[in-house]
Amino acid sequence: MALNRRDFTLASLAAIAASSGLTLAVKAQGTKTIAVLFDGLYSEFWVAGIQIIRDELKKRGYEIMEAISDQDDNKQFEQVRAAIARKVDGIIIVQTDSNAVIPAIKAANAANIPMVHFNRPPAQSDAFSVAIQADNQKIAREAVDYACTVAQKSGKKHQAAILIGDLGDPNAIQRRDGFQEAVDKYPDAIEVVAKIPTEWNADTAFAGLTNALQANPDISFLFTSSDFLLPQIQQALKTADKWHKVGEDGHVILTGFDGFPDAYALMKDGYMDACGVQNLFFETQLAIQAILDLGEGKKVEKLLLDPGFAITQANMNEKASEMWGYVLWKEKNPG
Amino acid sequence: MSTLLEVSGLTKSFFGVTVLHGVDFVVRPGEALGLVGENGSGKSTSMNILGGVHRPEAGTMRLDGQAYAPQNPKDAISAGIAFIHQELNLFPNLSVEENLFVDAFPRWNGLPFIDRRAIRAQTEAVLHEVDLDIRPSTPVARLSQGERQLVEIAKALSRKARLIIFDEPTTSLTRPEVDRLFGIIAKLKARGIGIIYISHALEDVLAVCDSIAVLRDGHLAGAGPASEMPIGRMISLMVGRSIDTIYPDRQTAPGKQVVLAVEALSQPGVAEKISLEVRAGEIVGLAGLMGSGRSELARMIFGLDRFASGTIRVNGQPLDDPTPEKAIEAGIAFLTEDRRGEGLLMDFTIAENTVIASLDSVAGPLGILDNKRIASVSREMGRSMHLSTDKVEETRVKHLSGGNQQKVVIGKWLRREPTLFILDEPTRGIDVGAKQEVYRIINALTARGSGVLLISSEIEELIGLSDRILTISRGEIVAEFNNRPFDREAIMAAATGQRAWEGASA
Amino acid sequence: MKIGSRALLLILQNAPVILFLVLLVVFGLMSDRFFAFNNFRNIIIQAAPIAILAIGMTFVLLTGQIDLSVGSSMYLTACVVALYMPDMPWPASLFAVIALGALIGAVNGFAVTRLGIVSFIVTLAMLFVLRGIGMWLSNTRTLMFPDQILTLNRATVLGIPSAIFAFLVVFLCAWALLTQTPFGRQVYAVGGDPDSARKAGLPVSRIVFLCFVLAGICAGIGGFVSITQIGAVGPKYGDQVEFAAIAAAVLGGVSLFGGRGSVGGTVFGAILIKTVQNGLNIINADPYVYPLVTAAIIFLAVAIDGTRTRIIERLERRTIRPLQAV
Amino acid sequence: MTITPVAETATGATQPPSVLRRLGRLMLSEYFVLVLCVAYVLAIAPFVPEILSWEVASNILSDMMPLLVVAIGQTFVLIIAGIDLSVTAIVSMSAVVGASVMTGTGGYLGDTAFAVPGAVLAMLFTGLVIGAINGFSVIRLNMPSFIVTLATRMFFAGAAVWYVTFHSTSSSIANLPESFAEFATGHLFGIPLTVIAAGLIAVVAHVVLSRTRFGRAVYAVGANPRAARVSGIPVERTILFCFLISGVCASVAATIYVSRMQTGSPIVGENILLDVIGAVVIGGTSLFGGKGKIVWTVFGVLFLLLLDTSMKLLGASLFAIYIIKGGVILLAALVDVARNRWLVGR
């Protein structure tokens with residue numbers, strides 16, 4: 001055993017010495033690096049978002065260090081520390097949890113590395129960072145509000161269902177709360193009969209919606225907490241023979257959230273009534289500007305708001321161009 | 001008379017060590033050859049050669065006059081040679097008929113489906129031949145050990161076996177099952193099937209076989225018709241010297257103090273008002289057939305099985321709701337009949353096994369074990385037990401022979417200096433030399449004042465060792481024999497039960 | 001006492017079924033929409049993907065192995081279909097998922113039988129690798145499927161919804177394979193006692209290998225059925241499904257130690273789990289209680305099974321003398 | 001349990017050259033995974049030279065700690081041939097329970113002197129309770145641990161999310177006392193407190209497993225419960241204790257997580273299950289019981305963390321991390337198999 005240990009120590013020392021030599025040789029120099037730490041790439045919104053940030057930063061000569069925390073706030077904390085260890089020049093982060101990110105901000109502060117929160121603000125604290133905020137709750141409320149007015153105009157009472165995201169995901173909770181605030185204002189027009197948990201899982205969403213339609217065949221008002229569930233909604237409604245356009249008999253008043261290309265297509269085709277849109281282009285622009293300004297030592301407001309908006313059948317024509325999903329859709333469907 | 005199998009000059013060595021030196025024997029159709037010898041004498045090697053597991057370096061085998069040189073076990077099977085091992089190779093989760101055909105199901109009309117009707121018919125036929133009255137679709141899990149063995153024989157018959165090799169077939173059978181088995185073997189012989197019968201139970205060998213071959217150290221030590229091979233001769237050929245008695249003389253007389261007092265121990269279906277006493281320095285033999293409740297009694301006393309009513313006292317102190325921990329604490333040691341399954345941790349070293357039941361004695365404050373002490377006590381145990389190796393910290397017990405394993409089990413318990421040692425089949429499956437060693441240890445144990453409750457299927461062993469013999473039948477103590485010399489016939493009669501056997505088993 | 005426990009045993013023997021009936025009654029009392037032909041059809045449709053997956057898992061579990069990679073396997077095969085064969089007719093896609101699933105199963109089986117790595121580790125590693133490859137191919141985007149696949153969900157075969165039809169076909173094939181063919185019985189033999197199986201000359205490695213291949217194929221088919229339902233797959237598709245499949249099999253009486261269980265039981269287990277979810281949907285339960293109720297029911301079912309085994313063991317304790325009449 | 005294969009393999013008829021022999025011996029020793037770690041660092045260092053920096057090393061060390069503590073608990077359970085899938089839920093549940101006790105916004109003991117000790121006790125108690133449920137279900141209800149802990153995992157993961165809704169308006173519980181954060185950030189003699197705590201746990205666990213009666217009982221129960229029972233080992237109690245240890249270890253990990261994030265989040269630790277079991281098994285602990293060591297687990301966790309950290313530093317995309325992680329697990333297992341075959345062959 002003793003022999004072993006000595007062998008081991010010798011071998012490791014030799015190894016470390018050898019690789020240190022290599023290290024010196026390869027050590028990179030010059031270019032600035034920005035860490036881009038996302039929570040997950042589970043919807044088109046994030047995929048498009050990270051793509052834009054990546055392209056923009058590369059255009060400006062930055063190197064990117066990317067990491068996805070996969071909805072694990074501890075892992076994200078470790079990723080921030082890894083970024084700090086790599087002495088990056090700035091961190092753009094989509095945090096998993098608004099409270100749990102505070103220690104990470106403090107660590108970045110201590111290392112003097114600017115930090116920008118993309119899309120979600122952190123909780124209140126004395127740590128300094130800049131947040132780009134899209135107000136999930138407000139945007140959801142506005143979109144659902146429009147749908148409610150449509151429902152009210154129809155003159156009859158609608159049975160409503162909501163597809164709720166993962167209950168551990170703050171975004172899901174905020175969107176649910178926005179929905180709730182909106183429908184609470186129209187007690188005469190809306191009665192919520194089904195709250196369907198999806199765990200952000202397409203399979204669960206499909207089954208849950210199918211079952212809800214079985215229990216409440218009269219559901220005629222639907223809100224999904226993310227547009228990424230639209231294919232499943234479409235499948236379930238078609239099966240239940242409820243997939244009809246606005247104005248047709250049996251149309252289900254459908255409200256989405258995120259502003260996916262799909263969502264735009266469905267709005268254009270008249271299947272969807274409204275969609276809460278986060279202004280992705282605006283947000284990415286704000287984030288990049290903020291991180292650059294911070295890097296140059298400029299003063300930046302702690303909170304930069306993306307008001308977002310609700311795109312509806314009513315305002316679709318004037319607002320579409322601001323909708324990121326429309327732009328992406330347009331790229332794929334030119335002319 | 002023609003010969004079925006003729007083996008001549010069989011030689012085999014492993015890693016330069018010759019384990020078979022030109023062994024010859026012959027099996028005639030309709031005859032049973034008994035193959036006896038100590039462990040390591042070459043029995044299993046010759047059988048492995050016969051079964052196609054190993055290939056010999058020299059020597060020939062002829063089956064029905066044809067040269068026979070199996071390259072793998074399949075060759076042996078197709079040549080009509082079948083093995084019935086001590087550990088049965090049946091799948092309890094399959095039915096009887098499926099077990100019979102599991103490696104070669106007949107297809108239904110050439111389709112990849114099992115021809116259920118065909119296997120059922122064939123199974124019924126062979127089951128009938130072995131007098132087993134069960135439905136072919138019965139899961140093997142529901143059969144008793146004896147029934148399973150008959151299924152194995154049926155399997156051999158279904159493959160048109162001409163030569164069936166039994167390896168220790170009776171160790172886990174009840175007496176009626178053994179009788180039934182012997183009846184079947186007789187029937188097989190009558191059909192012209194040759195038998196090779198391997199066993200340490202020499203009486204069984206005599207009862208079954210027509211001729212006997214004795215192996216020692218890879219040599220054929222002697223062979224001849226069974227009528228010319230009394231047990232004494234077999235033993236002296238096996239060990240290479242004549243042995244008057246392998247049982248040591250009892251040096252000390254039992255003391256007065258009662259170390260174990262069992263009173264009215266009852267458990268529905270298992271034991272009925274069993275009462276017995278064991279005194280210090282006394283060996284009490286418990287004679288009974290397999291399935292008579294003898295092992296169950298031991299397990300209940302040791303706290304492994306529950307019982308409904310009755311009391312157990314050790315050294316006068318009541319042992320309430322016994323668990324193995326409590327029983328050990330009270331001074332009971334228990335050598336189980338299942339050495340590999342319960343007696344030892346096979347993957348552990350000798351040292352680890354030695355102290356496993358007495359960890360407190362080698363533990364310091366906070367339960368920290370003293371490894372040096374463990375090593376020294378284990379070596380000491382190895383020496384006093386005449387263990388074959390002194391590398392107690394390196395050798396895993398799975399690499400020891402059966403006899404040495406048994407010594408480790410005994411040694412482990414002796415470390416606790418038990419006031420009562422329950423020995424359930426202490427010499428099962430170990431060779432004569434090791435047996436003697438075990439007897440010597442038991443004797444020494446009583447000299448130190450321990451009481452011993454000895455359970456054995458071998459009446460001779462009980463008679464040779466015990467101060468007193470109790471017979472148990474159907475969960476009741478039916479007779480007590482207090483004085484040497486013991487009347488063998490009377491014990492047998494009591495053990496086989498005054499009342500007719502009813503063979504109740506779940 | 002004995003008679004009492006026999007009665008108890010009878011109840012316990014059928015405990016999963018009784019539990020299922022109790023669930024039906026409870027949900028039925030809580031919503032009048034529950035007891036409807038359409039609803040039960042929905043339950044079976046929704047159970048189909050997981051049941052098919054669990055049937056494949058049953059083969060692997062029967063041999064005493066485990067396959068943690070089925071969820072990722074589902075994801076990867078779906079990605080391939082969505083990315084590389086959008087314009088192919090659906091039978092070609094189905095064939096592709098089966099072939100790819102078989103290939104993945106073969107890799108698992110090879111690593112387990114030839115390389116001798118514990119199946120838990122092999123399939124754990126594959127869980128990561130396959131999902132990684134899927135994410136790589138799809139660039140972690142949500143992938144959409146062509147209409148010809150989506151419309152399958154509403155198609156019927158002989159009046160039976162396509163998902164149920166696929167489910168029935170897989171179930172019948174698996175059942176026939178396990179109970180009526182030499183291979184099936186040998187699967188039980190290998191799982192019951194691999195050493196004896198080897199001694200009996202059974203091709204143990206090949207059987208285990210084939211079971212992994214079957215699990216891979218079932219993962220492909222189950223994934224395909226699920227695609228027709230949900231229409232799009234994201235990078236979380238099939239995540240943790242392996243646990244659901246194992247739970248379904250164990251609920252149906254499959255032993256994790258091999259050799260015991262049946263596809264019928266597995267299917268029952270899958271339907272039981274889906275019934276719970278369906279019932280909770282139907283009665284519009286608080287979203288927070290879903291995992292609690294589901295977990296509690298799985299726990300209860302398996303606890304009953306454990307107790308049953310213990311009682312059977314006690315009853316089958318060898319009796320050596322007749323029992324007095326009680 | 002202290003013999004190494006080395007002793008047996010040291011003698012051979014043909015002696016290869018000394019360096020090779022030593023290398024071979026190292027491959028066969030129980031430091032094998034550590035050798036892999038060094039080899040990995042060597043291989044990756046040219047691409048991420050930072051991995052050899054003091055800062056990264058100390059990051060790896062502190063990132064290791066919570067995972068290590070959970071893995072130590074898991075080692076006990078694996079040695080008795082069980083498995084504890086519920087550790088992630090224990091982490092989550094303990095985290096939110098602890099946070100709900102000490103949070104300044106409406107915590108049970110918020111803003112009192114007992115906030116921190118009360119919370120720590122509550123967390124440990126949570127781990128103990130869930131461990132007890134697992135343990136009793138296995139020994140009393142005769143359930144396979146895989147399913148028991150699968151069910152408790154599902155249950156308590158859900159319960160943790162629900163629990164937060166009663167104690168916080170957001171999806172996690174914040175506003176925890178400053179003094180509690182010091183556990184994650186503080187140092188003693190220049191060593192992080194968490195490292196001291198986890199190190200202490202590792203040392204105690206190592207001593208318990210390798211040098212005590214209880215440790216022997218754990219191995220014996222894992223190797224053959226029937227034989228262990230006959231030898232007077234309290235089999236059921238040993239099994240129960242292993243699950244309790246696993247539960248408590250998971251809740252200790254929760255204290256580290258909560259402290260470093262200063263947040264009680266119901267999803268913390270949700271994703272670590274496969275890492276934990278993977279690390280323990282890579283270390284060499286058998287899933288079939290009876291074999292395993294704490295040092296092995298330490299090496300296994302270190303190996304996984306090295307892998308993770310280097311990927312982070314490389315900024316590897318998620319899919320690359322998945323593929324490489326899976327590939328390396330497979331490779332490690334393969335090398336281990338080859339190594340064992342070689343061992344047996346000699």
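This is a predicted model: local features need pLDDT of at least 70, side-chain atom pairs count only at pLDDT 80 or more; totals for chains, interfaces and linings use all residues.
Residues are numbered from 1 along each chain as its sequence is written, and chains are lettered from A and ligands numbered from 1 in the order in which they are written.

Let me begin with the sheet. In chain A, 6 strands form an open sheet of mixed pairing, in the order β7-β6-β8-β9-β10-β12; strands here are DSSP runs of E with at least two residues, helices are runs of H or I with at least four, and both are numbered from the N terminus. Two strands pair if DSSP finds at least two bridges between them. The edge strands of chain A are β7 (190-197) and β12 (309-312), each of which pairs on one side only.

Now to strand β9 of chain A, residues 253-258. All of its residues, 6 of the 6, are buried, so β9(A) is largely enclosed by the rest of the structure; buried means that 20 or more other C-beta atoms, placed from the backbone, lie within 10 Å of the residue's own. With β8(A), residues 219-224, strand β9(A) pairs in the parallel sense over 3 bridges, and A:Phe221 has A:Ile253 as its bridge partner. The chain gets from β8(A) to β9(A) through helix α8(A), residues 230-239, in a right-handed β-α-β crossover, right-handed meaning that, with the strands pointing away from the viewer, the path from the first strand over the helix to the second runs clockwise.

On the other pairing, β9(A) and β10(A), residues 274-277, are parallel over 4 bridges, with A:Val277 as the bridge partner of A:Asp258. Here the crossover runs through helix α9(A), residues 261-269, and is right-handed. By contrast, β10(A) and β12(A) pair in the antiparallel sense over 4 bridges, where A:Cys275 is partnered by A:Ile311.

Finally, the helices. In chain A, α3 (residues 73-85) and α4 (residues 102-110) pack at about 5°, with axes 9 Å apart; axes are lines fitted to C-alpha atoms over the stretch in contact, and angles run from 0 to 180 degrees between N-to-C directions. In chain D, the axes of α8 (residues 178-185) and α12 (residues 235-261) come within 7 Å and cross at roughly 110°.

Definitions and conventions
A residue is buried if 20 or more other C-beta atoms lie within 10 Å of its own, exposed if 12 or fewer, and partly exposed in between; C-beta atoms are placed from the backbone.
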